Amino acid sequence: MSAKKVIPYKIYLEESELPKTWYNVRADMKNKPAPLLNPGTLQPMTAADLAPVFCEELIKQELDNDTREYPIPQEIQDFYKMYRPSPLVRAYCLEEKLQTPAKIYYKFEGNNTSGSHKLNSAIAQAYYAKKQGLKGVTTETGAGQWGTALSMACSYFGLDCRVYMVKVSYEQKPFRREVMRTYGASVVPSPSDTTAVGRKILEQFPGTTGSLGCAISEAVEVAVSNPGYRYVLGSVLNQVLLHQSVIGVETKTAMDKYGIKPDVIIGCAGGGSNLGGLIAPFMGEKLRGEQDYQFIAVEPASCPSLTRGKFAYDFCDTGMVCPMAKMYTLGSGFIPAPNHAGGLRYHGMSSILSQLYHDGYMEARAVEQTKVFEAAEQFARVEGILPAPESSHAIRVAIDEALKCRETGEEKTILFGLTGTGYFDMVAYEKYHDGLMTDYIPTDADLERGFAGIPKIDL
């Protein structure tokens, strides 16, 4: 390739270059993620165990550690063309503002009605539910991006969609809630009195603002107690990271096209969907010994599962009705502060990413929310996109890395994931601008209360 090839501000793939397969990073992992456990027997979950909760095809994807590539069904490929390819953007303006020798790129996943990367998996999960002949699906949502994406996907396939939205987000983000309802979804603030597990949580934690763990428990209860329904999840699970690999595959194809090799790859981390999707093919190269990259997972200091959590088997939900996963966790009973980290307020991390982190293939950093919004505002003023609070965690560390390059003179290439827009997050921006935003960081005593509920399993 010619060294004179000019790298455009935005790199788009041709339609013919769009991914035809999802990449399963587990196939290249020497140490596979530990299997999900049946909470009753403590034995690995089988397809039969999972059948009452998940769609059949998604169960196959969830349990498959060996198939490297999964063909993307044509109907999903056709839907992807509505908003994919997403642009890989060179942040020339941010580089100039920071006066850094670093080259900064971001993969922007907000160019769709749902406003985030979540649609990549939502449409896949809705497709498999429809293919199975189901009536509808249930789910939880934190900041609302996943619920919005799933409601859009269900509308497309004519499925009923029931969403349990973390109460603090339900109250902070009424417009996100209304988008879901526009697409035909029912939206309930969680925990609620509409389920047995919700009533139990409300009794145990009066006045709680909720958590993703609470909302998951309610959604699962509704799915298993209503014939023709299954539960779907927007992050954490292996199947979700598989679908989200379309982000990384597109990104790598675009970078290879122009001879670009990132040195540092950064993503925000809550449950792991966008980070896992962005890094997947690059991590595959690292696992196979073909290339080396620095991977950085960025999480909120208020919910630090990787940086301060324990690597152990734990329940995936507060009500303890879901399978148990081995992951970095703060304990399923941990209720995060009602801050503006949105969808990053989950007590645990994807088993895939947890294993990769445990094995030393990536690092993690925790950042305070005022510093996150400082970076978000700086980015918005020069790059012209108002970023979601979740994405802004990655922006914070990307800026930090670029400033290090300014100090050392290193010309590193930095890549980060801009997972979505922040136009439904104006309450958070308002609090930041009015000086009302605080940086709550849990104490060791706070974390110990969550750790106390982690099951003692010696496997």
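## Helix H14

At the start of H14, serine 350 brings a side-chain oxygen to within 3.1 Å of the backbone nitrogen of isoleucine 352. Helices here are DSSP runs (H or I, at least four residues), as are strands (E, at least two), and both are numbered from the N terminus. This is a predicted model, in which local features need pLDDT of at least 70 and side-chain atom pairs count only at pLDDT 80 or more. Residues are numbered from 1 along each chain as its sequence is written, and side-chain values use heavy atoms, with hydrogens and water left out.

H14 covers residues 351–358, and seven of its eight residues are buried, so the helix is largely enclosed by the rest of the structure. Buried means under 20% relative accessible area (1.4 Å probe, protein chains only). Among the buried residues are Ile352, Leu353, Leu356 and Tyr357. The buried residues of H14 pack against helices H11, H12 and H13 and strands E12, E13 and E14. Just after H14, glycine 360 has a positive phi of about 85°.

## Aromatic pairs

Rings of Phe, Tyr and Trp (its six-membered ring) pair if their centres lie within 6.5 Å; planes under 30 degrees apart count as stacked, over 60 as edge-to-face and the rest as tilted. By this rule, there are 16 aromatic pairs. Phenylalanine 282 and tyrosine 293 have ring centres 5.4 Å apart and planes at 85°, so they are edge-to-face. Phenylalanine 282 lies in H12 and tyrosine 293 in the loop between H12 and strand E11, so the pair ties together parts 11 residues apart in sequence. Both residues are buried.

Methods. Buried means under 20% relative accessible area, exposed over 50%, partly exposed in between (1.4 Å probe, protein chains only). Contact means heavy atoms within 4.5 Å. A polar contact is a pair of N or O atoms within 3.5 Å; within protein, one must be able to donate a hydrogen and the other to accept it, and residues adjacent in sequence count only if both atoms are side-chain atoms.
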